[in-house]
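Welcome to the tour! Open your viewer, get your selection tool ready, and follow along one stop at a time.

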Amino acid sequence: MQSAYVGLGIRFLGFFMLWLVLTEGYPGAWSFGLPVVLIALLVDGKFRRSGTWRWRLKGLGDFLPFFLWQSLRGGIDVARRAIDPQLPLAPGFLEHRLRLPLGPSRIFLADTISLLPGTCSVSMEKEGILLVHVLDEAMPNKVFLCRLEELIARLFGLDLEPPNPGTWNE
């Protein structure tokens with residue numbers, strides 16, 4: 001029982017530190033921050049009990065470099081397109097058939113796509129289709145989404161069916 005309290009304390013400290021970073025330590029933010037930290041603890045506890053929120057260390061080691069590289073690369077690309085009007089800009093929507101199962105891994109994929117420059121998750125359909133807004137339809141977006149989905153599957157310790165390469169250029 002004591003280890004449960006230690007784990008809870010560690011998670012509280014983690015959320016507390018995250019809030020400090022996000023608010024730059026501003027003391028006035030705690031009237032809102034303390035309830036947010038407590039809600040985060042409750043949600044975290046629900047995921048832990050359901051057994052669906054377990055990351056694999058090897059998967060994290062594969063995902064983080066990819067995410068950081070794509071963030072840097074995408075940020076530079078978006079900045080270049082904003083500065084130079086000669087660079088092509090062909091925004092559009094792309095439908096991606098999800099291979100991840102329902103649950104946290106799909107939500108994590110959609111959130112990750114929205115964090116990366118040049119892409120934004122728009123909607124997730126019940127039929128397993130994720131609608132993504134892209135900055136340039138000419139880029140290999142399908143290949144990118146399939147690779148990201150594979151890395152997230154590894155992060156969550158899930159097996160995926162191989163993607164259908166015939167749908168990459170849709």
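Which residues of α3 are buried? Keep in mind that this is a predicted model, then select helix α3, residues 57–83. Its buried residues are Gly 59, Phe 63, Phe 66, Phe 67, Gln 70, Gly 74 and Arg 81. Show α4 (104–115) and α5 (141–155) as well: both are among what covers those buried residues.

Next, go to helix α1 (residues 2–23) and pick Phe 12 and Phe 16, which sit 4 residues apart, about one turn of the helix. An α-helix has 3.6 residues a turn, so residues three or four places apart point the same way. The structure holds 8 aromatic pairs. Phe 12 and Phe 16 form a stacked one, with 6.3 Å centre to centre and 20° between the planes. Phe 12 is partly exposed at 28% relative accessible area, and Phe 16 is partly exposed at 25%.

Now compare Phe 63 and Phe 108, a tilted pair: 5.5 Å centre to centre, 55° between the planes. This pair links distant parts of the chain, with Phe 63 in α3 and Phe 108 in α4, 45 residues apart. Phe 63 counts as buried at 5% relative accessibility, and Phe 108 is buried at 16%.

Last stop: Ser 121 in strand β2 (residues 119–124). Its side chain reaches the backbone oxygen of Ala 110 at 2.7 Å.

Note on methods. Residues are numbered from 1 along each chain as its sequence is written. This is a predicted model: local features need pLDDT of at least 70, side-chain atom pairs count only at pLDDT 80 or more; totals for chains, interfaces and linings use all residues. Side-chain values use heavy atoms; hydrogens and water are left out. Helices (H or I, at least four residues) and strands (E, at least two) are DSSP runs, numbered from the N terminus. The expected span of a helix is 1.5 Å times one less than its number of residues. Buried means under 20% relative accessible area, exposed over 50%, partly exposed in between (1.4 Å probe, protein chains only). Contact means heavy atoms within 4.5 Å. A polar contact is a pair of N or O atoms within 3.5 Å; within protein, one must be able to donate a hydrogen and the other to accept it, and residues adjacent in sequence count only if both atoms are side-chain atoms. Rings of Phe, Tyr and Trp (its six-membered ring) pair if their centres lie within 6.5 Å; planes under 30 degrees apart count as stacked, over 60 as edge-to-face and the rest as tilted.
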